[in-house]
Amino acid sequence: MPAVSLRCRRCEAEHELVAVGICSKCFAPLEPVYDLAAQRAAISRESIEAGPLSIWRYADLLPVAAPKEQRLAPGMTPLVSAPRLAAALGIGELFVKLDTANPTHSFKDRVVAVACAKAVELGLETLSCSSTGNLANAVAARAAAEGMEAVVFVPSDLEPEKLLATAVYGATLYSVKGTYDDCSRLNVELSFELPWGFVNTNLRSYYAEGSKTIAYEIVEQLGWELPTAVVSPIASGALYARLAKGFQEFLDLGLVEGSLPRLFGGQPEGCHPVQTAFESGQRVVPVRPNSIARSLAIGSPADGDIAVETAKLTNGAIYSVPEEDIGPNMALLAEQAGIFGETAAGVTLGALREAVRRGELGDRDRVVLLVTGDGLKTPEPVADRLRPIQIAPDADALLDRLGIVV
Ligand SMILES: Cc1ncc(COP(=O)(O)O)c(C=O)c1O
Ligand SMILES: [Zn+2]
């Protein structure tokens, strides 16, 4: 395992690889440091291809050793081409990364697998998180697979499907009267008092690195080539920022040639603090969320400022997507690509459409659209599509109705 320490992003103080989310000197976030020479010696295309069909094929690029027994391992989700949607939008080549194919149907299984591997290594017995829904599902399932306790904190207005998809695994589910940001603050306080692994608090440095595996897989699945652009949803900003890190690491290790893909991000109109900061050039200012894309309703994004830097670094952009476009975008993705993504996917497709509208992306591009969560968990915005035609079990009557004379 080539990770050697955690380093403060602000004052650069080094910390041991334990359950600590912020710098003890200046309270800034911590980032894993890797032994680059060890990575160069260990990692090649061949070594990766010989690995398991999961995120653990990239263990040498992660801050924790691969678990001995890889239960319910996420990753290596399909990258499917979507030529009809590409033609409808006017994009050269379009691929969709189907992260709905993970064990709990969202990309959060990746980040939780990495954080939990660390929790197990440290001997922690309870896995916890504050969540906008999908993370709670992933923590609950992972704890069940590992034989750990799960305790999750979610805002009280979550979709019933997401609540059930947590409770079914036997997790203790606290429905907090407040927003995600209230749950998050509660977790920070509790993390000083309880010997639990809070995946997005005291294990956040490990958790965030799990998102890099999406970038690695995209490169590998494109035959060791880079796309020209990737479009991603943004809530805390962790996923969006780690995509760039993942692509950069593959470039630095000589596993792929070319330049960083342009990264485009989407936030819903009802909660877009990162987009505002990108547009204004200022630091992120917290907002009070009010969006139907509940998975993206984080008003005080932990990685918001790094996400803004990522957009600039990659010559990308971050767009805000109107609330009323989210449902129609979910339907468009379903009708043109056969993929039922959740509200976050409606926002992500909205960002892609905006990039095309502004002439940023077009027929010369090879684009990857991330579908990070499953529409079956958030069916409400497309409920108006459900218009079944009531008929009797009578073929003649149906043929008659179709105007076919026999
Ligand atoms: C489906 C889905 N996509 C994207 C995100 C955004 O992730 P991040 O907080 O890393 O920006 C979330 C976060 O909950 C999510 O549930
Ligand atoms: Zn510091």
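1. Surroundings of ligand 1. In this predicted model, ligand 1 is surrounded by 17 residues. Asn134, Ala235, Ser236, Gly237 and Thr372 are the closest of these. Sorted by class, the shell comprises eight nonpolar, seven polar and two charged residues.

2. Polar contacts. Oxygen atoms of ligand 1 are approached by both side-chain and backbone atoms of the protein. Asn134 places a polar side-chain atom 2.8 Å from an oxygen atom of the ligand.

3. Burial. Ligand 1 taken alone exposes 390 Å², and 98% of that area is buried by the protein. The site of ligand 1 is the largest cavity.

4. Domain assignment. The protein is assigned two stretches as domain 1, 3-68 and 108-207, while domain 2 consists of 79-104 and 211-382. Between the C-alpha centres of the two domains the distance is 22 Å. Contact between them involves 34 residues of domain 1 and 40 residues of domain 2.

5. The ligand and the two domains. Which domains supply the shell around ligand 1? Domain 1 and domain 2 each provide at least three of its residues.

Key: Residues are numbered from 1 along each chain as its sequence is written. Chains are lettered from A and ligands numbered from 1 in the order in which they are written. This is a predicted model: local features need pLDDT of at least 70, side-chain atom pairs count only at pLDDT 80 or more; totals for chains, interfaces and linings use all residues. Side-chain values use heavy atoms; hydrogens and water are left out. A residue is near a molecule or strand if one of its heavy atoms lies within 4 Å of it. A polar contact is a pair of N or O atoms within 3.5 Å; within protein, one must be able to donate a hydrogen and the other to accept it, and residues adjacent in sequence count only if both atoms are side-chain atoms. Accessible areas come from the Shrake-Rupley method with a 1.4 Å probe; for residues, only the protein chains shown count as cover. On a 1 Å grid over the protein atoms alone, a cavity is a set of points where a 1.4 Å probe fits but cannot get out, and a pocket is an open set with protein on both sides within 12 Å along at least five of seven lines; lining residues have an atom within 4 Å of a point. A molecule sits in a cavity or pocket if more than half of its atoms lie within 2 Å of its grid points. Ala, Val, Leu, Ile, Met, Phe, Trp, Tyr, Cys and Pro count as nonpolar, Asp, Glu, Lys and Arg as charged, and the others, Gly among them, as polar. Domain bounds come from an automatic or database domain assignment. Contact means heavy atoms within 4.5 Å.
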